[in-house]
Amino acid sequence: MEIIHVSAECYPMAKAGGLGDVVGALPKYQNKAGQIAKVVMPMHRTKFLYENKWDVDFKGYLHVAGQYYNFTIIKEATQKLGFDLYLVDINGLLDRDKIYGYDDDSYRYLAFQIAVLNWLSAWEHRPSIIHCHDHHSGLIPFMIKNCFDYRKLQSIPTILTIHNAQYQGWMGWDKSYWIPAYDNWKTGELDWNNTINPLASAIKCAWKVTTVSWSYLNELKYNSNGLEALFEYEKGKCVGILNGIDNDVWNPQTDIYLKTHYGIDDVTEGKAMNKQSLCKQFGLNEQVPLIIFIGRLVGEKAADILPETIKVILHGMKDAVAFLIVGSGDTAVEWQLSTMNNLYPGYYRAVIGYNEALSHEMYAGGDFLLMPSRVEPCGLNQMYAMRYGTVPMVRSTGGLQDTVIDMGDPDGFGIRFNHASIHDIYYSVSRAVEVYKDADHMLSMRKYMMQINHSWDKTVDEYTAVYQSVL
Ligand code: ADP
């Protein structure tokens, strides 16, 4: 079985969040399981691009909105990722520093998708499956089904995985001429609420749709940024598959970003050493429980309530707990969090920005990981935290409620709460402070979490079953 993953992100080439982690790991584990999995993505200008060797695989041209572009597809030369990685270079459109956030993103990502289909059309054989991820590749199922240029790809099943339904790639109908000529009778398959909606279109046109946790699949029927009725209507072809994690990358015994490695047997000492170095780096008191937050500073992650919540906690539980944050996102939240940096010496630090190395050090050195997310399709942070023996403190939603059991329940190892509110987080932190005093309880939770297997090895079969159902 040959699977082509089409995505905007793929770790380690380019990552803004969980999508990058998933697309950088799933294909590797699919290859290990005997399939042929490949990834194609835009050629963003990242460090990985410049530090690695590439072969030219294909040269072609495409047109969007009456403009002609040459494009080149390059392939990672050494196979060191465990899968073939192809990058699409469209001069001036895709070769930019950031993955997203440009005014012409709709245009850029449409050009990317057209390039991918032109490339696949030139192949002598057909891949078994085209696996699209989120709205950036959401027009592919429609184009394969309905565009005259891609008739010969029509028999290839398309799968859509929804990592985040909040972002849908909306385009006004005045842009419809950007899409290669298609059967006019099928216009409705592009539309949702009078706009071209690439995510909605993919839900309609893909042969199967998967979401990244079971609970998220359920939630989408009543909370999906306007697509609720569509999810209800298409529920027959939707499947929830919990994300896995890449145990090779996320392993406290071998993690390339850690100075002190540790495993289940020496977790107490290992975490203490990592905590010490982290606290030293940020001037934090290492005697108190260290609560970490790693993530995008956006409403979905409830980052907006963090500043006030932390202030209330650091006043109410003075000198009892410390916070370390790394994240970027909404400017107002970034500003609030960084202006607090001088207010609580020894007990609070926020690092604004994206820092892969620091995030690994934090999973290893933190005692508790806070995730008050309002929406969390799967959430990988809590699974990384568990693997590093860090107790997850999460709101009961989406993938968080599928993976974390409260320490009050049998076999529990985490802290769960219901509302993204100051009160719920305050109460959860006070539970953390209490349990932290009980070294035996902490150790047993750490050991229990660290042996839970969230590896992709387990999950690959579930994707294979989805592919087989359409082949
Ligand atoms: P989402 O995809 O919604 O952002 P996930 O929990 O699925 O959330 O994945 C987040 C991934 O991004 C994790 O690997 C996390 O460690 C990483 N991450 C998020 N923000 C940062 C940051 N500022 N610095 C380093 N890593 C980050």
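A residue is called buried when its relative accessible area is under 20%, exposed when it is over 50%, and partly exposed in between (1.4 Å probe, protein chains only). The model is predicted: local features need pLDDT of at least 70 and side-chain atom pairs count only at pLDDT 80 or more, while totals for chains, interfaces and linings use all residues. Residues are numbered from 1 along each chain as its sequence is written, and side-chain values use heavy atoms, with hydrogens and water left out.

**Exercise 1. Locate Lys 15, classify its accessibility and list its side-chain polar contacts within the protein.**

Solution. 

Step 1. Lys 15 sits in the loop between strand S1 (2-6) and helix H1 (18-32). Helices (H or I, at least four residues) and strands (E, at least two) are DSSP runs numbered from the N terminus.

Step 2. Lys 15 counts as buried because its relative accessible area is 17%.

Step 3. Beyond its neighbours within four places in sequence, Lys 15 is in contact (heavy atoms within 4.5 Å) with Glu 9, Gly 20, Asp 21, Ile 99, Trp 250, Tyr 354 and Glu 356.

Step 4. A polar contact is a pair of N or O atoms within 3.5 Å; within protein, one must be able to donate a hydrogen and the other to accept it, and residues adjacent in sequence count only if both atoms are side-chain atoms. The side chain of Lys 15 makes such a contact with that of Asp 21 at 2.9 Å, and with that of Glu 356 at 3.3 Å.

Step 5. An unreviewed UniProt entry lists Lys 15 under "binding site". UniProt positions follow the numbering used here, feature names are shortened, and annotations may be inferred rather than shown by experiment.

**Exercise 2. Describe the shell of residues around the ligand and the polar pairs that reach the ligand.**

Solution. 

Step 1. The ligand is surrounded by 20 residues, of which the closest are Gly 18, Asp 21, Arg 296, Lys 301 and Tyr 363; a residue is near a molecule if one of its heavy atoms lies within 4 Å of it.

Step 2. At least two shell residues come from each of H1, strand S12 (290-297), strand S13 (322-329), helix H11 (356-365) and helix H12 (381-387).

Step 3. By class, the shell holds 6 nonpolar, 9 polar and 5 charged residues. Here Ala, Val, Leu, Ile, Met, Phe, Trp, Tyr, Cys and Pro count as nonpolar, Asp, Glu, Lys and Arg as charged, and the others, Gly among them, as polar.

Step 4. A polar side-chain atom of Lys 15 is 2.8 Å from a ligand oxygen atom. A backbone N or O atom of Asn 355 lies 3.0 Å from a ligand nitrogen atom, and a side-chain N or O atom of Asn 381 lies 3.0 Å from a ligand oxygen atom.

Step 5. Taken alone, the ligand exposes 570 Å², and the protein buries 94% of that. Accessible areas come from the Shrake-Rupley method with a 1.4 Å probe; for residues, only the protein chains shown count as cover.

**Exercise 3. Identify the backbone features at Tyr 11, Ala 65 and Asp 411.**

Solution. 

Step 1. Most residues other than glycine have a negative phi, and most peptide bonds are trans.

Step 2. The bond joining Tyr 11 and Pro 12 is cis, with omega about 5 degrees, and Pro 12 lies in the loop between S1 and H1.

Step 3. Ala 65 has a positive phi near 50 degrees and lies in the loop between strand S3 (54-64) and strand S4 (67-76). Ala 65 counts as partly exposed because its relative accessibility is 24%.

Step 4. Asp 411 has a positive phi near 60 degrees and lies in the loop between helix H13 (398-403) and strand S17 (415-417). Asp 411 is exposed, with a relative accessible area of 51%.
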